[in-house]
Each structure stands twice: as C-alpha cells, then as structure tokens.
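These are my notebook entries on one structure. I record in them what I looked up and what I found.

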Amino acid sequence: MKMRYLLRLFMVTLTFSLSLSVQASSEEERVVWRFGLEEIEGSVQDIYAKEFKRIIEEKSGGEVVVDIYSYGTLGESEDLTALTTLGTLQLTHASVGIIGSLVPEMQVFNIPYIYSHDDELNQSVIASNPTLYEVLGNALIDQDLRLMTLYLEGDMVWSTNQEVVKPSDFKQFRMRVMNSPLVIESFQLYGADAVPLPYSQVYGALQANIVDGQTNPVFSIEEMKFYEVTEYMIWPGKQKFTTSVIANQAWYLSLSPEHKALLRETFQGLSDYILEKQQALNKKQLATIKAFKPSMTFITLNRSQQNAFKKLAEPVRSRYVELVGKPGERVLEALDEALAHKK
C-alpha cells in the first residue's frame, strides 16, 4: 500500500513539474505561489482561495501571482500535504481529519462537542489563540510544514439511509469517515462500524450500499450530490468541519519580510470574511437540497439526544491526550478555557 502511494505521488509530482517547466518562460518576471484545495470549484475552500488570490495579487501590485489547484487536479488530500512538504506546492488546505493522521496534535478539533454553539466565538478562537498556534505550529514544523491559519467550514451533518437519533440506531450501521483515528473511534463508541474511504469514493459507496451514511458539511453534501443516495440529513451538534491552511516551512522562511507581513495580514483579514461566506453558502446549498429532493427528512437532535452521544464520546478526550501527551493537555485546556462559557 505504501509503495502504491509513493508511486502515485511520484507520478503526480512528475506531471506537475513538467507542466511548471512549460509555464516557466512566461513567469520569469513573476513570483508564483501555488495553492492546493481539497474541494471543488465553488466550495468554501475555493471561495477562500479566490479571495486570498485577489488580495495577494492586488496588494503585491502584481508581483505575486497565486495559482489555485482545485480538488482532484493533484490527487487526494494526502497528496496535497505531501506535495507541500516537498515544496512543489507552497500552500494547501489540510482538513484536520486528514492531516491529523500525520500530525496527531491537529486531531483536537475532531473531539466531539469540543466547540461552543457560538460560531463567531469558535472562529475567533481558532484564528488567534496563541496556545493553539504554538502547540500545533510546532508539531507541523517537525513535518517541514507551517500552520498559517485555521477556519470553520460549517456544521458536520450526517447524511444517512435511515433515521439516527440515538446511539442504538447505529447498530450494524456502516458510517463512512475520514481516515482519522479519533473520528473512527468516536463512531465506534456510538456503536457504528466506521469505514474510512477517500472523499472521491463516497458517492459510489453510498449508491452501492457499501456504507449506510457519511458525515460532511451541508455544502459538501450538495456539491458532491450525497443527498441523491441518502434519505436523511441529521444535525447531531457534535462537530464543526475545521480546516487549516499550511505552507512549506522552507518556502515561508525564504520569504522577504514584506511578503511575510502580506501573508499574515491577509490570513487575519480573511477570518471574518470566510465565516460569513461559509454560513451563506451552507444556507444556500441546504435550500438547493430541499428544492431538488423534497422527500429528504431533516432532523436536528435536541439537547437530550445530543447528550446521549456526548456521554459515549467522553473517552475520546483522554484518548487524544494519550496520543499527544502534555501538548495535547495544553491545547484542550486552552480550548476549554476560551469556549467553556458558551458550551
């Protein structure tokens, strides 16, 4: 399996390198920053990257050009992280569920019910909390990567082929999940059979009844048409889809002070912007789903129903600390302190 992955990564890198050589003659006078996305055009990450591109190119006076590579252009999410480690990409999105397999510290956001019910507060905390950026940042530097920012993409919603409102409903239920240890463990604690699958394989797996459900934000469920092959959308209130923007560490260190400042100011300015945009997109995509599939059943778990799942998931917190150690305790304490009054 590892050999197949390395071969695929080699082929992606080779093809990408050849395409860059063709572009080189026309880009000799420009600085090009290549930015990879885990999602398709029109997604939250695409909206984010296009606004990032607009700001960077405008404020640099055209000195810097940002090239955006949408989902599938350069492989799966793991490929994007690897290409960024190699320096082939300068920047990429890395959802915490995926990169958490490489950097366990990032899995803190996969702990069920870690967030508050106030998304403005949640966004503010993950965009600026110094303990998060110290602990998570140091862990990424050990992988030749640099944490640039974190942001929310919306509530995680279960789209399923049967009603799930209590843990016993997960008996003999196959739930597609990201390949993240804490996500897998969470659904196992709920009683489900957690099935890790690449994002690109989810629709087919639902259609063929290989899995009985999956979990993603609303915009993703609409864009990838998961609603076509499921009958229920369920809001468990357990998790927010959290993504990061990471950079190649050597590339970042090589930047001029002016370009570093430009990056810092741009990421800071995009925090409020993307919260507003993702909320609007998720609302719009939910309306689209309702229009195209009136038979879809929509369920929001009440506080009592949520607490039944929350109680079962409590061991995930200690499991995170086991995986990460003292740094994990620091991250949990920082989040609990910052979000406790709104949980």
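The entries below cover the sheets, the helices and the aromatic contacts.

**Entry 1: basis.** I worked from a predicted model, in which local features need pLDDT of at least 70, side-chain atom pairs count only at pLDDT 80 or more, and totals for chains, interfaces and linings use all residues. Residues are numbered from 1 along each chain as its sequence is written, and side-chain values use heavy atoms, with hydrogens and water left out.

**Entry 2: the sheet of 5 strands.** I looked up the strand order and found an open sheet, β2-β1-β3-β10-β4, with mixed pairing. Strands and helices here are DSSP runs numbered from the N terminus (strands E, at least two residues; helices H or I, at least four), and two strands pair if DSSP finds at least two bridges between them. β2 (64–69) and β4 (145–155) each have a single partner strand, so one side of each edge strand has no neighbour in the sheet. Neighbouring strands are turned against each other by 25 degrees on average, direction ignored. I then checked β1 (residues 31–36) and β3 (residues 91–95), which pair in the parallel sense over 2 bridges. Gly36 has Thr92 in β3 as its bridge partner.

**Entry 3: helices across this sheet.** Helix α2 (residues 44–59) lies across β1, β2, β3, β4 and β10 (240–248) and runs at about 170 degrees to β2. Helix α11 (residues 257–292) lies across β1, β2, β3, β4 and β10, at about 15 degrees to β4. Axes are lines fitted to C-alpha atoms, for helices over the stretch in contact (heavy atoms within 4.5 Å), and angles run from 0 to 180 degrees between N-to-C directions.

**Entry 4: aromatic pairs.** My search of the whole structure gave 18 aromatic pairs. Rings of Phe, Tyr and Trp (its six-membered ring) pair if their centres lie within 6.5 Å; planes under 30 degrees apart count as stacked, over 60 as edge-to-face and the rest as tilted. Phe52 and Phe267 have ring centres 5.3 Å apart and planes at 25 degrees, so this pair is stacked. Phe52 lies in α2 and Phe267 in α11, so the pair ties together parts that are 215 residues apart in sequence. Phe52 is buried at 0% relative accessible area, and Phe267 is buried at 4%; buried means under 20%, exposed over 50% and partly exposed in between (1.4 Å probe, protein chains only).

I next examined Trp158 and Phe170, whose centres are 5.1 Å apart with planes at 65 degrees, so the pair is edge-to-face. Trp158 is in strand β5 (residues 157–160) and Phe170 in the loop between β5 and β6 (174–177), 12 residues apart. Both Trp158 and Phe170 are buried.

**Entry 5: helix α6.** The buried residues of α6 (residues 130–141) include Thr131, Leu132 and Val135. The buried residues of this helix pack against α4 (96–99), α5 (119–128), β4, β10 and α14 (326–339).

**Entry 6: the sheet of 6 strands.** I found a further open sheet in the order β7-β6-β8-β5-β9-β11, with mixed pairing. β7 (193–196) and β11 (297–300) stand at its edges with a single partner strand each, so one side of each is left without a neighbour in the sheet. The twist averages 25 degrees from one strand to the next. β6 and β7 run parallel and are joined by 4 bridges. Arg174 stands opposite Asp193 in β7.

Methods. Expected span 1.5 Å × (residues − 1).
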